[in-house]
Amino acid sequence: MKSRDVSGEIIESCLMFYAKKHIPGIWRSGSSRKQSSPSTIPSESEQRELLETVIANLPLQKSSSATSTTSTRFLFGLLRAANILNASESCRSALEMKIGSQLDQATLDDLLIPSYSYLNETLYDVNCVERILGYFLDGLQSEENRETTTSTSRSPPLMLVGKLIDGYLSEIASDANLKPEKFYNLAISLPDQARLFDDGLYRAVDIYLKAHSWIPEAEREKICGVLDCQKLTLEACTHAAQNERLPLRAVVQVLFFEQLQLRHAIAGTLLSAEGAPQEAGRASGIRQEEETEGEGEGSGSATWRVAVRENQVLRLDMDSMRTRVHQLERECSTMKKVIENIDKKGPAGGWKGSLTRKFGCKFKTQVCDSHEQTVVDARKARQHHHRQ
């Protein structure tokens, strides 16, 4: 078939059919797929030779979108069979590289590869998934280097793999034999662009800390260092702020960004609300003129009174918003002072080094200062507008 330049998809389909017929255990749902009868099952050495031949003849290019899901599931079946039959290292590496080229088409069930080697203490083969993920990232980087223009948008395959790895981390986090450094290395292997939000990663961290309550405080702080609190939703921040399993410094970081999100939301509402009275005044003036022209002075004055009442209600809402913003500013300033005091404490106080150096916190305290300056500039602009 290769000598006649048959397409790689047809060759791959033929190899899939041949392998599932002659190699037992390729598909997990073996009862629903036709297998060879017991009398015709080849020996283990023959299966290993056949498996290596099939893998060696697989096309290198990625499968088309129409058959990629089935092809990826088949490749993972070959990988499990290769581990059971103890295939050669080069054979498994070629298969892992092939899987890595289309990892975005895999499912969580595909990644749950059992660990067949006595050298691995974990239930699932985490090292194998790390290698497959490395091949995927290398291929993605090569594609970006070949592009003439740099794109700032997030890659859909990378986003799919980020969600897949977060689910895999949540699945393996409860394994008592999973070392902290192994969990940490797999969690940080993805770039920041792979996750729009860190809620899935936070769930995996929470499961790991719950299942490994005996690890020391330093290891717990390192595990929490994989989180970017700026990418946690408000629901995740609320849960983390009440999570007793998290270290104290991680809780302080979460509380800081939770307050910051609330301040941004309230400040945005305040700015939009302050523009509403001016729009209401102009609209009421237009309505007053129309009513005066059509119905006389009596109806125009009534419309004006309604507009005045609306402006009064909006002004009360604005005053309430200002009060709440001032309260949040004071709370934020208090938190800044607490963080600065923690950083200044030496070994006698129980802390060493700065907040960002010790725990890998990814926020900057000057965020509050820049936000306060933005609010001051907005107030000056409004005062200048009123004077005009």
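**Notebook: helix α9 and its surroundings**

I started with the packing of helix α9. Its buried residues pack against α7 (156-172), α8 (180-188), α10 (217-224) and α11 (234-241). I note here that the model is predicted.

Next I listed the residues behind that packing. The buried residues of α9 are Leu201, Tyr202, Ala204, Val205, Asp206, Tyr208 and Leu209. I kept a general point in mind: an α-helix has 3.6 residues a turn, so residues three or four places apart point the same way.

I then checked the length of α9. The helix covers residues 199-211, which is 13 residues.

**α8 against α9**

I looked up how α8 and α9 are set against each other. Their axes are 12 Å apart, and the packing angle is about 180 degrees. Angles over 145 degrees count as roughly antiparallel, so α8 is roughly antiparallel to α9. From α8, the contact uses Pro180, Phe183 and Ala187. From α9, it uses Leu201, Ala204, Val205 and Tyr208.

**Aromatic rings**

How many aromatic pairs does the structure hold? I found one. Phenylalanine 183 and tyrosine 208 form it, and the pair is stacked. The ring centres lie 4.7 Å apart, with 25 degrees between the planes. Planes under 30 degrees apart count as stacked, so this pair qualifies.

Where do the two partners lie? Phenylalanine 183 is in helix α8 and tyrosine 208 is in helix α9, so the pair ties together parts that are 25 residues apart in sequence.

Are these two residues buried or exposed? Phenylalanine 183 has a relative accessible area of 1%, so I logged it as buried. Tyrosine 208 has 0% relative accessibility, so it counts as buried too.

I also checked for a charge over a ring. Lysine 222 lies over the face of tyrosine 184, at 4.8 Å from the ring centre.

**Positive phi**

Last, I looked at backbone angles.

Aspartate 5 has phi near 60 degrees. It lies in the segment before α1 (8-22). Its relative accessible area is 70%, so aspartate 5 is exposed.

Asparagine 86 has phi near 55 degrees. It sits in the loop between α3 (68-84) and α4 (89-100).

Methods:
Residues are numbered from 1 along each chain as its sequence is written. This is a predicted model: local features need pLDDT of at least 70, side-chain atom pairs count only at pLDDT 80 or more; totals for chains, interfaces and linings use all residues. Side-chain values use heavy atoms; hydrogens and water are left out. Helices (H or I, at least four residues) and strands (E, at least two) are DSSP runs, numbered from the N terminus. The expected span of a helix is 1.5 Å times one less than its number of residues. Buried means under 20% relative accessible area, exposed over 50%, partly exposed in between (1.4 Å probe, protein chains only). Contact means heavy atoms within 4.5 Å. Rings of Phe, Tyr and Trp (its six-membered ring) pair if their centres lie within 6.5 Å; planes under 30 degrees apart count as stacked, over 60 as edge-to-face and the rest as tilted. A charge sits over a ring if NZ of Lys or CZ of Arg is within 6 Å of the ring centre and within 35 degrees of the ring normal. Axes are lines fitted to C-alpha atoms, for helices over the stretch in contact, and angles run from 0 to 180 degrees between N-to-C directions. Angles under 35 degrees count as roughly parallel, over 145 as roughly antiparallel, 65 to 115 as roughly perpendicular and the rest as oblique.
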